[in-house]
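Work through the following exercises with the structure in view, and take each solution one step at a time.

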Amino acid sequence: MWWPAALAAAVALALGVPALVASGTSASGSASVAVPADDSPEAGFARDMATHHQQAVDLSFIVRDRTADEPTRTLAFDIINTQANQRGMMMGWIDQWGLSQHSAAKPMAWMRMGHDYEAHDGSLMPGMATNTQMAKLRSLSGRDAEVFYLQLMIQHHKGGVEMAQGYVDMAKNDVEKRLAQSMVTAQTSEVELMTDMLKERGATPDVPAS
């Protein structure tokens, strides 16, 4: 499960990261962006979204082993690849900035808006599934697994969109801002797709109480 993110990190370091690092001037001669501080929105968003993305990858691997339904497996495959690659990019930036991949700060503290989400049972940020919900997904198969995965992933995406939009609204780094905006656009579209997939299965987006 680690290799897509590791590969993406290597690609980010080789290709994408120099655009985010202060080291003289860019190829066009314009000044490059200053290295973010450890407590900056840039560093906080990269760390927190990487954590958020990792759970989406984990959930998607689980459902791929629990159903033979091709639309669900295709969606899971797309999420695995997209979010593992994005996670690798963000971790590559953190490394290139010379910052720790972990922080003692409360998740989403960088949003500086008094975010009051209380972490519980492994759910560290809005939208993240709990350990209990992930264990339940592992216990299901077929249609039941598909429905529960889609319900969990809709909530996961909504939390991710909130976080990404929060960064877009305060970003000072154009490259990272573009990545965050792409997350908002893509995940909003996927929420619509997953809602339609649930309708086809006679289910709603509401996650049942554990």
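This is a predicted model: local features need pLDDT of at least 70, side-chain atom pairs count only at pLDDT 80 or more; totals for chains, interfaces and linings use all residues.

**Exercise 1: a helix and what follows**

Determine how the reach of helix H3 compares with the span expected for its residues.

Solution. Helix H3 covers residues 70-96, which gives it 27 residues. From its first C-alpha to its last it reaches 39 Å, and this is close to the 39 Å expected at 1.5 Å a residue.

**Exercise 2: two packed helices**

Decide how helix H2 (residues 41-64) runs relative to helix H5 (residues 142-168).

Solution. Begin with the geometry: the two helices pack at an angle of about 170°, and their axes are 11 Å apart. Angles over 145 degrees count as roughly antiparallel, and therefore H2 is roughly antiparallel to H5. Next, look at who makes the contact: H2 contributes residues including Phe 45, Met 49 and Leu 59, while H5 contributes residues including Tyr 149, Met 153 and Tyr 167. Sorted by class, this contact has 13 nonpolar, six polar and three charged residues.

**Exercise 3: aromatic pairs**

Classify the ring pair of Phe 45 and Trp 110, then that of Trp 93 and Trp 97.

Solution. The count of aromatic pairs comes to four. For Phe 45 and Trp 110, the ring centres are 5.8 Å apart and the planes stand at 75°, so the pair is edge-to-face. Phe 45 sits in helix H2 and Trp 110 in the loop between H3 and helix H4, 65 residues apart. Both Phe 45 and Trp 110 are buried. For Trp 93 and Trp 97, the centres are 6.4 Å apart with planes at 35°, so this pair is tilted. Finally, ring pairs link Phe 45, Trp 110 and Tyr 167 into a cluster.

Key:
Residues are numbered from 1 along each chain as its sequence is written. Side-chain values use heavy atoms; hydrogens and water are left out. Helices (H or I, at least four residues) and strands (E, at least two) are DSSP runs, numbered from the N terminus. The expected span of a helix is 1.5 Å times one less than its number of residues. Axes are lines fitted to C-alpha atoms, for helices over the stretch in contact, and angles run from 0 to 180 degrees between N-to-C directions. Angles under 35 degrees count as roughly parallel, over 145 as roughly antiparallel, 65 to 115 as roughly perpendicular and the rest as oblique. Contact means heavy atoms within 4.5 Å. Ala, Val, Leu, Ile, Met, Phe, Trp, Tyr, Cys and Pro count as nonpolar, Asp, Glu, Lys and Arg as charged, and the others, Gly among them, as polar. Rings of Phe, Tyr and Trp (its six-membered ring) pair if their centres lie within 6.5 Å; planes under 30 degrees apart count as stacked, over 60 as edge-to-face and the rest as tilted. Buried means under 20% relative accessible area, exposed over 50%, partly exposed in between (1.4 Å probe, protein chains only).
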